[in-house]
Structures are given as C-alpha cells and as structure tokens.
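Here is a friendly walk through some helix contacts and aromatic rings. Please have a look at the structure first, and then read on.

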Amino acid sequence: MTDLRFDVFHGEQTTQQEVFLTSVKPILPHILNGQNASVFAYGPTGAGKTHTMLGSQEQPGVITRAVKEVFKLVKAQEKDLDGWEYSVGMSYLEIYNEKVLDLLSPGSQDLPIREDKDRNILIPGLTHTPLSSFTDFDTHFIPASLNRTTASTKLNQRSSRSHAILLIKTMICSPDSSVLERLLALEKMMMGSAERERLDLLKTVAQSRKEIQMLKEKQKELEDKANVLNKQNETIEKESKDALLFKTDLPLLHRKPSTASKPRKQQAVVTPLQVSQVQPLQQCAVVCKPSQFLDKKKKRIQTEVGQGKENGGVDRPPADEVNWESHLDSALLEQSRKKILQTLNAGSLKDLKSLQLIGDKKAKLIMGWREIHGDFTQVEDLKQIEGITAKRFSSFIKANILSSMGK
C-alpha cells in the first residue's frame, strides 16, 4: 500500500485565513523570482471548491487573498530594488464541455489550445488585461465571473462540468545592463548541482517507469497466450474423454472372441414364482430356478384360467403378463431399489458387473456417465445409458430385484 504524505491537513473548522497562510502564501514570493506558482482546487461536487477559491465578502477566498499579496510583494520589491519595473495583468477563462471560453470577452467563440516548441501551453486570442491595483482587479474579476456558464446539477446550482482558470501574470524588467547578468545568475542558480541531480533522478525514474510498463505489457501478453493454450488443452481433453466414453464401435475389454465350437454362455434369468388365483401372496418372495415342477404348476394355472373362461367366468390375461411388482412387499421392493441405486452410484467396475444383465461394456458406460453427470437420482436414470432401452431396463430391474430378494 502506498504511503501517502501531505504537507498540510485542514479540518472542517479551518478558516479561510489559515488555508491561505499555510498552503498559498509561502509559494507567492517565487513569482518575483521568475517562477510559476499554481493553486489548484480539486474535489467532487459539493466538496467546497468554489467556497475555498472565491469565498465571500466576510471571508475572502484564496483568489482574493493571493492577488492582494501579489500587489503587496510587487510594491515592496520596487522599493528595495531601484530601477526594476513590475507589471501585473490577468486573463480569465472557462472550460465547459471541452470548449475554451474567454470570460473577459464573452462574445468570443471557442478558443484553440496550442503548444509551442518548448511545450508551453498557449491560448491564442485570450484577452490579457493590465492591472494597476487590487481595486482594478476587482473591477474586472466580478463581472467576468458572472459570465460563467450556469447549469445546475442535483448537488450544485453551478454545473460540475464548468472549470474556471484565473491567470495572473507578473513581465519583470530592468532598464540597466545588469538584467542580463541577473538572468545568467538566476539560470546558474537554478541549474546548480542539486538541480542537475534532480533532473537526472527524474530521468532515471521516467526510464524505470517505461521499463516497468514494458514488462507489464510483456507479462500480460504471456498470460493471454497461456490462457489460450489452457483452454485448448481442456477442450482436447474433454473431447477425448467423451469419445472414449460414448464411442459405440470400441471393442469390448477383457472379452475373449467367441468361436463356433464353443457355445456362448447364457446369463441366468430368474423367473418370478407363479401363484394361483386362490392362494394369496405371502409377505416374502420366493425365488426358484425353472424346473419341471414350475412348468407343471404354470400349466395348471393356465388350465384353471381357461376353464374359468369356458364356465362363464372373467377373461383374465396370462399370469406372466400380470404386473409382477404388485405381488411383492412394498418395503422389500423399495429396499431392493435403494440397494441397486447405491451400487450404481458407488459401486466399482466389479460391483457393477455383478448386477444382472450388466456386462463389462455396460458397466464402463455407467461409470463414464457417473463421472460426467454425477450420481443417479433414481434407478430409472439408467435408461439414459446407451443401449439400455425401456424393455431392457424392465428386464434388468425385474431380474435384480428378484435376485436381491432371493438372497
């Protein structure tokens, strides 16, 4: 954090006189030594710039006090130095909406701003009025101030876009031959060793700032290139991962090629226990392998259904088309679904392959889907996996639930 230091700090109770004595008066004697002096008031609307610079009749501001002090210094200098002559003049301009207006000549148009070969700012055509006393200054300054542009804002009756600049010039001269000697002495004094060291230091600082700016621009250029390369790498990595997960023509891993002589191993399908119309479903489900006894019982149920139709009974669909979930205990059914969902979300490749109707390929697709989209919110989300249709999902859920209950 930059350590800011100020020459003077004025509080709300500071008077106009105290501001002038501490911040303005000490710089005015430099004017009679051929140097420029500037007092600049800066701040947001309503901060008190106008009050500080203009003040009031009871509490004159910086401008009034400074002009009086200049005439006082000139008068004292003329007494101390015989043969020296001093003249004082003023120019008063306003910058409003990027236009330069001459307040001493309100009929003039927008004035141009120029710069000479020595980089001094000039305003051709700006009125310069000679002054003989402070009373003469007051005569010109008050009417010129009334020529300022007025445009109120929400915080001030005078527009914050209007900036006024008062120029007080003091053209110091002597009729004798010592003028040249005095000027040479003044130049020698200003260009002493201390001044040269100051100029050298300023040049060094300027060069350092230029080098720092170049380094910052180079750093920004390198950062932009690095960001572009990172985005390209992320895009390539994402495309490669997507292609690996969802490419349908990839060969199955860890699967031996089948031969005509070796029959394909069939996956076990668990058939739900068929029940008769007379006997109610018990609280627990019984899982058994297909057997001759089951085939006989199935034929008996079909026979009973057919006889009922012939005897005028109700025409019922075959038993294998009945909704099998409605015959199971709801608590056990929900528990089995939660167990399957837990395996889908947290199971390893081996755990997934242990599920009914899930082979190596489907297990890898499930893990890839899980990395991209997160956990499955419900078992039905499995239908979003490639190759698992609604019919295949129905077979999957039926086989796994009944297998889980059989355990």
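Is Phe-393 buried or exposed? Phe-393 is buried, with a relative accessible area of 7%; buried means under 20% relative accessible area, exposed over 50% and partly exposed in between, with a 1.4 Å probe and protein chains only. Before going further, please note that this is a predicted model, in which local features need pLDDT of at least 70 and side-chain atom pairs count only at pLDDT 80 or more, while totals for chains, interfaces and linings use all residues. Residues are numbered from 1 along each chain as its sequence is written, and side-chain values use heavy atoms, with hydrogens and water left out.

**Aromatic rings**

Phe-396 is buried too, at 3% relative accessibility. Phe-393 and Phe-396 sit three residues apart in helix H11 (residues 390-406), so about one helical turn separates them. Helices here are DSSP runs of H or I with at least four residues, numbered from the N terminus. Rings of Phe, Tyr and Trp (its six-membered ring) pair if their centres lie within 6.5 Å; planes under 30 degrees apart count as stacked, over 60 as edge-to-face and the rest as tilted. By this rule there are six aromatic pairs. One of them is tilted: Phe-393 with Phe-396, at 6.4 Å centre to centre and 35 degrees between the planes. Elsewhere, Tyr-92, Phe-134, Phe-137 and Phe-141 form one aromatic cluster.

**Helix H3 and its partners**

The table gives two helix pairs whose axes come within 10 Å.

| Helix pair | Crossing angle | Residues in contact |
|---|---|---|
| H1 (residues 16-24) and H3 (residues 62-80) | roughly 55 degrees | five nonpolar, two polar, two charged |
| H3 and H4 (residues 134-146) | roughly 145 degrees | six nonpolar, one polar, one charged |

Axes are lines fitted to C-alpha atoms over the stretch in contact, with angles from 0 to 180 degrees between N-to-C directions. Ala, Val, Leu, Ile, Met, Phe, Trp, Tyr, Cys and Pro count as nonpolar, Asp, Glu, Lys and Arg as charged, and the others, Gly among them, as polar. On the H4 side, the contact with H3 is made by Phe-134, Phe-137 and Phe-141, which also belong to the aromatic cluster. Contact means heavy atoms within 4.5 Å.

**Leu-32**

Leu-32 is found in the loop between H1 and helix H2 (49-53) and is buried, with a relative accessible area of 13%. Leaving aside neighbours within four places in sequence, its contacts include Leu-73, Val-74 and Tyr-86. Leu-32 and Val-74 are 42 residues apart in sequence and 7.6 Å apart in space, C-alpha to C-alpha.
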